Amino acid sequence: MRPSMQFFDIHTHILPGVDDGARDMGESLVIMKEAAEAGVKGVVLTPHFPYGGMDLDRVAGIFKELQEAVAARNIGITISLGAEIRFSHDLPALLSDRRLTINGMGKHALIELPPYDIPMYARDVFFRLMTTGITPVWCHPERCDEVIRDYTAVKEFVDRGVLVQINAGSLLGEYGRKVKGAVKSLVKNNLAHILASDTHRAGSIKDRLPEAFHCIEKLAGHHTAVELSFSNPSKLAS
Ligand SMILES: [Fe+2]
């Protein structure tokens, strides 16, 4: 246990049997216990949306089961429901169902853009979404080829109020040298707001989040590491 660490992990695939993340309740609970040991206080479950045949009501039911199991075992983590939403031009209409936003609050939505180029209409869609009161959280832009070529592509979005979530694994080199270079540039140039695990399996939170925290500390100082790992995500997760 690291008592000084108070992570809030807003991008995870721990909801059992919904996507390519945790396969059953047993695996979900193992990941939750590991998260607690790493100092995680709050977790947002963000299965890939669309869910592939599964509907929002069923996902909400599975979430409730996990919530009860976490409470019954006194794991000491607050969980909330969200989604990692695949980008499309009709996001504003889709998100009129606020259950897809983080914790159903209708304030933040985790959006995944394609891994190659940023779509021409992404700016327009993001800004239209903001006019409905929802702030887009662009997940792991450092894994996008266009951002790898030129990280400043993110700046226009950040300047307009889009939040940027980076993956712990990117900082630790798990997606390769180029992604690591891109994420370091984002952190050093104040173009990242939130650190998250994007975990799919056991073993990917316990050491990685604390190690990623220390990477940010080295790149941009202790205050920035605290903001990205604790302060900023806690505002979305609670
Ligand atoms: Fe994800």
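Biologist: Where is Asn 190 found?

Modeller: Asn 190 is in the loop between α8 (177-188) and β9 (194-196). Please keep in mind that this is a predicted model.

Biologist: What is the phi of Asn 190?

Modeller: Its phi is positive, about 55 degrees, although Asn 190 is not a glycine. Most residues other than glycine have a negative phi.

Biologist: Is Asn 190 buried or exposed?

Modeller: Asn 190 counts as exposed, because it has 12 C-beta neighbours inside 10 Å. The cut-off for exposed is 12 or fewer.

Biologist: And what about Asn 103, what is its phi?

Modeller: The phi of Asn 103 is near 60 degrees, which is a positive value in a residue other than glycine. Asn 103 lies in the loop between α3 (91-94) and β6 (108-112).

Biologist: Is Asn 103 buried or exposed?

Modeller: Asn 103 counts as buried, because 21 C-beta neighbours lie inside 10 Å. A residue needs 20 or more to be called buried.

Biologist: Which residues does the cis peptide bond join?

Modeller: The cis peptide bond joins Phe 49 and Pro 50, with omega about 5 degrees. Pro 50 is in the loop between β3 (48-49) and α2. Most peptide bonds are trans.

Biologist: Let us turn to the sheet. What is the strand order in the open sheet of six strands?

Modeller: The order is β3-β5-β6-β7-β8-β9, and the pairing is parallel. β3 and β9 stand at the edges with a single partner strand each, so one side of each has no neighbour in the sheet.

Biologist: How many bridges pair β3 with β5?

Modeller: Two bridges pair β3 with strand β5 (residues 84-86), in the parallel sense. Across this pair, His 48 stands opposite Glu 84 in β5.

Biologist: What about β8, how many of its residues are buried?

Modeller: Five of the five residues of β8 (residues 163-167) are buried, so the strand is largely enclosed by the rest of the structure. Both of its faces are covered. One side carries Leu 163, Gln 165 and Asn 167, while Val 164 and Ile 166 are on the other, and all of these are buried.

Biologist: How many bridges join β7 to β8?

Modeller: Three bridges join β7 (residues 135-139) to β8, and the two strands run parallel. The bridge partner of Cys 139 in β8 is Gln 165. β8 also pairs with β9 in the parallel sense over three bridges, and there Ile 166 stands opposite Leu 195.

Biologist: What is Val 164 in contact with?

Modeller: Leaving aside neighbours within four places in sequence, Val 164 is in contact with Trp 138, Pro 141, Val 154, Val 158, Leu 186, Leu 191, Ala 192 and His 193.

Biologist: And Ile 10, where is that found?

Modeller: Ile 10 is in strand β1. It is buried, because 31 other C-beta atoms lie within 10 Å. Not counting residues up to four places away in sequence, the residues that Ile 10 touches include Val 44, Ile 102, Leu 110, Gln 165, Ile 194 and Leu 236.

Biologist: Back to α1. Which of its residues are buried?

Modeller: The buried residues of α1 are Ser 28, Leu 29, Ile 31, Met 32, Ala 35, Ala 36 and Ala 38. What covers them includes β1 (7-12), β2 (40-45), α2 (56-72) and α9 (208-220).

Biologist: How far apart are the end C-alpha atoms of α1?

Modeller: They are 20 Å apart. This agrees with the 20 Å that the 14 residues of α1 (residues 25-38) should span at 1.5 Å a residue.

Biologist: What follows α1?

Modeller: Gly 39 follows α1, and its phi is positive, near 95 degrees.

Biologist: Finally, how many helices and strands does the chain have?

Modeller: The chain has 10 helices and nine strands. Its radius of gyration is 17 Å, close to the 18 Å that the globule rule gives for 238 residues, so the chain is as compact as a globular protein of that length. Of the 238 residues, 46% count as buried.

Terms used. Residues are numbered from 1 along each chain as its sequence is written. This is a predicted model: local features need pLDDT of at least 70, side-chain atom pairs count only at pLDDT 80 or more; totals for chains, interfaces and linings use all residues. Helices (H or I, at least four residues) and strands (E, at least two) are DSSP runs, numbered from the N terminus. The expected span of a helix is 1.5 Å times one less than its number of residues. Two residues are in contact if their C-beta atoms, placed from the backbone, lie within 7 Å. Two strands pair if DSSP finds at least two bridges between them. The radius of gyration is taken over C-alpha atoms; the globule rule is 2.2 Å times the number of residues to the power 0.38.
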